[in-house]
Amino acid sequence: MIRLDKICVDFGGLRAVDHASFEIGAGRITGLIGPNGAGKTTAFNVIAGAVRPTSGRVILDGRDITRLKPHQRAAAGLARTFQIPHEFDRLSVLENLMAAASAPEGENVINVIFRRGRYAAEEREIYDTARDTIRLLELEHVIDEKAGNLSGGQKKLVELGRALMRKPKVVLLDEIGAGINRTLLGKLADKILMLNRERGLTFCLIEHDLDYVSKLCDHVLVMAQGTLLTEGTVEAVRNDERVIEAYFGGGKYEARL
Amino acid sequence: MELTGLFFYLVSLLILGGIYALLCLALNIQWGMGGLFNAGIAGFYGVGAYSSAILTTAASSRHLGGYGLPVPLGLVGAAILAGLAGWAVAKICVRLKSDYLAMASIGIAEILRLVIVNEDWLTNGSLGVSRIPRPLGDLATGRMSDVVFLGFVWLVVLLVFVASSRLYDSPWGRSLRAIRDNETSAAAAGKNIEKFRIQTFVIGCAVMGIAGGLSAHYFRFLSPTATDPLLVTFLVWVMLMAGGSGNNKGAILGALAIWTLWSVTEIFTNRLPPEWATRSSFIRMLLVGLLLQVVLQRFRAGLIPEKSPPVRFKEEGPEPDR
């Protein structure tokens, strides 16, 4: 579904991603793991278009999207959440989700001032989808709350909800589990699995908790020092010596701080 | 006599209050909804004022003109030209982050002001444009024409208020506020940030142009002092902050409240001993700054804070547990 082809990203003198090539398979839940500073989030940013790679290509469904802007990639079916919640803080939870939807008629200024009937049906559909998503994520009790007032975990759920509003093909989840309590985390895992199985949604997630990764992912990519170290099932990766070395230090894969 | 004096004082207060209400509504679209820090209001106001004045006055050897168009057309021209100026500025500056946009817009407003002062052929320089007509000029003469003009101004305010309420309570407004709150995730949600910002800036500047045009028709005379950034740009910011940024009603209320306060202080400063009275404009300048500080420190949300527009759809299934 998404293929990275020899991606390099330089931040000043630091090479955050170094000739990374990997693929996120359609219909799967792929885990992206690795020690801090491995370049996982940068790789996500490259896929989502927030960071332009120094060299290399990003391919979505066979189409080269390397030069597309973030909003164009969103239109192409890519959705993401952020490691640190990026909620629309002065919008209510309902508005946060509704704002994320695609609304070509309702975002036309002329329609909005002079022809308000034109987007009524579209808006109704957006509202229904938002309500369903909020129900799915069990956020109904905070639906009218401003998103800025929510707890960290709730903000993460709003992020996920927003990503789902665009009816994407792929969802990139950047540490969706961080800052969420165990119970909610379990529920979230169930939702992700359900969305994957019932709607055929492709997920790629960055996560540090390997137990969580093993619960969700059938395929794991391991990054270290900006490049792909290895990939395979969780079990295979867990027992890989290089992975252990990368996580627990020693050797050439010690995390750079 | 005392009563009629008070009545006409009130009329002039409300006319200028209405013009400020327009400026506040415009700034509310740009800043309140869009998060665009326009510190060059005076520039777009000036463009609008001169456009409408030049389009509606009779021919004069001192400046460009002689079109003699009816006032409403002059105001449309003001909106279009100020909007065009806004578009040009937005094209260049809209990618700038808020504080840099503020600096750029102050600079551009100053450039526009210098053009107005120096291009004699266009504006008659510092001597100004005179004999600017009023709308519905035949309807009333003398002081009564102020009353007619008051109605005209508030009609325009009403129209702009309806339009900006529609903008606010719409998917367009929702997406715009989302961009204001978080640009990165709005882009990730498929919003074309540049397009939204340019539209916002142009709409706001067009309304500022209309406000400028109305002021020219009210005073019947226009010179570069009318585009004083203290009275136009900074006072409008105080008004919007005090009234409630992100709320259209708040914008109007803030404009009326601060303008009343401002006018009443003028009555007092005029009664100061002469050597103080001459300095009163500087004292009031200090007051604007002080007022802005107080509002920003103590009443950030303003008199009527931003409120999410209601979503009116009825739930089809059984109401979920709250």
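This is a predicted model: local features need pLDDT of at least 70, side-chain atom pairs count only at pLDDT 80 or more; totals for chains, interfaces and linings use all residues.

Colleague: In which order do the six strands of the open sheet of chain A follow one another?
Modeller: The sheet is open and its pairing is mixed. Neighbouring strands are turned by 20° against each other on average, direction ignored. Read across the sheet of chain A, the order is β6-β7-β8-β3-β9-β10.

Colleague: Which strands of chain A stand at the edges of this sheet?
Modeller: An edge strand has a single partner strand, so one side of it is left without a neighbour in the sheet. In chain A this applies to the strands at residues 78-80 and 227-232. They are β6(A) and β10(A).

Colleague: In which sense do β3 and β9 of chain A pair?
Modeller: β3 covers residues 29-33 and β9 covers residues 219-224, and four bridges link them. Within this pair, Ile33(A) stands opposite Val222(A) of β9(A). The sense of the pairing is parallel.

Colleague: Which helix of chain A packs on the sheet and touches β3, β6, β7, β8 and β9?
Modeller: The helix in question spans residues 40-48 of chain A. Its direction makes about 150° with that of β7(A), the strand at residues 170-174. The helix is α1(A).

Colleague: What is the phi value of the residue with positive phi in the hairpin of β4(A) and β5(A)?
Modeller: β4(A) and β5(A), the latter at residues 63-64, pair in the antiparallel sense over two bridges, and Leu60(A) stands opposite Arg63(A). Two residues lie between the strands. Asp61(A), in the loop between β4 and β5 of chain A, is a residue other than glycine with a positive phi. Its phi is near 55°.

Colleague: Is Asp61(A) buried, partly exposed or exposed?
Modeller: The count for Asp61(A) is 13 C-beta neighbours inside 10 Å. A residue is buried at 20 or more and exposed at 12 or fewer, so a count in between gives the middle class. Asp61(A) is therefore partly exposed.

Colleague: Which residue of β4(A) stands opposite Asp5(A)?
Modeller: β1(A), at residues 2-11, and β4(A), at residues 55-60, run antiparallel and are joined by five bridges. The residue of β4(A) opposite Asp5(A) is Arg57(A).

Colleague: Is Tyr119(A) buried or exposed?
Modeller: Tyr119(A) lies in the loop between α4 and α5 of chain A. Apart from its neighbours within four places in sequence, Tyr119(A) is in contact with Ala103(A), Glu105(A), Gly106(A), Asn111(A) and, in the other chain, Pro171(B). With 21 other C-beta atoms within 10 Å, Tyr119(A) is buried.

Colleague: Which helix gives the most to the side of chain A that touches chain B?
Modeller: The contact takes 37 residues from chain A and 27 residues from chain B. On the chain A side, α2, α3, α4 and α5 each supply at least two residues, and the residues of that side divide into 18 nonpolar, six polar and 13 charged. The helix that gives the most, with five residues, is α3(A).

Colleague: How are α1(B) and α11(B) oriented to each other?
Modeller: α1(B) runs over residues 2-33 and α11(B) over residues 248-270; their axes come within 8 Å and cross at roughly 140°. The crossing is right-handed. An angle over 145 degrees would count as roughly antiparallel. The two helices are therefore oblique.

Colleague: How many charged residues does the contact of α1(B) with α11(B) have?
Modeller: Among the residues of α1(B) that take part are Leu13(B), Leu16(B) and Tyr20(B), and those of α11(B) include Ile252(B), Leu256(B) and Trp259(B). By class, the contact has 11 nonpolar and six polar residues.

Colleague: Is Glu275(B) buried or exposed?
Modeller: Glu275(B) belongs to helix α12 of chain B, at residues 274-277. Its C-alpha is 20 Å from that of Ser263(B), 12 residues apart in sequence. With 7 C-beta neighbours inside 10 Å, Glu275(B) counts as exposed.

Key. Residues are numbered from 1 along each chain as its sequence is written. Chains are lettered from A and ligands numbered from 1 in the order in which they are written. Two strands pair if DSSP finds at least two bridges between them. Axes are lines fitted to C-alpha atoms, for helices over the stretch in contact, and angles run from 0 to 180 degrees between N-to-C directions. Two residues are in contact if their C-beta atoms, placed from the backbone, lie within 7 Å. Ala, Val, Leu, Ile, Met, Phe, Trp, Tyr, Cys and Pro count as nonpolar, Asp, Glu, Lys and Arg as charged, and the others, Gly among them, as polar. Angles under 35 degrees count as roughly parallel, over 145 as roughly antiparallel, 65 to 115 as roughly perpendicular and the rest as oblique. A crossing is left-handed if the near helix is turned anticlockwise from the far one by less than a right angle, and right-handed if clockwise.
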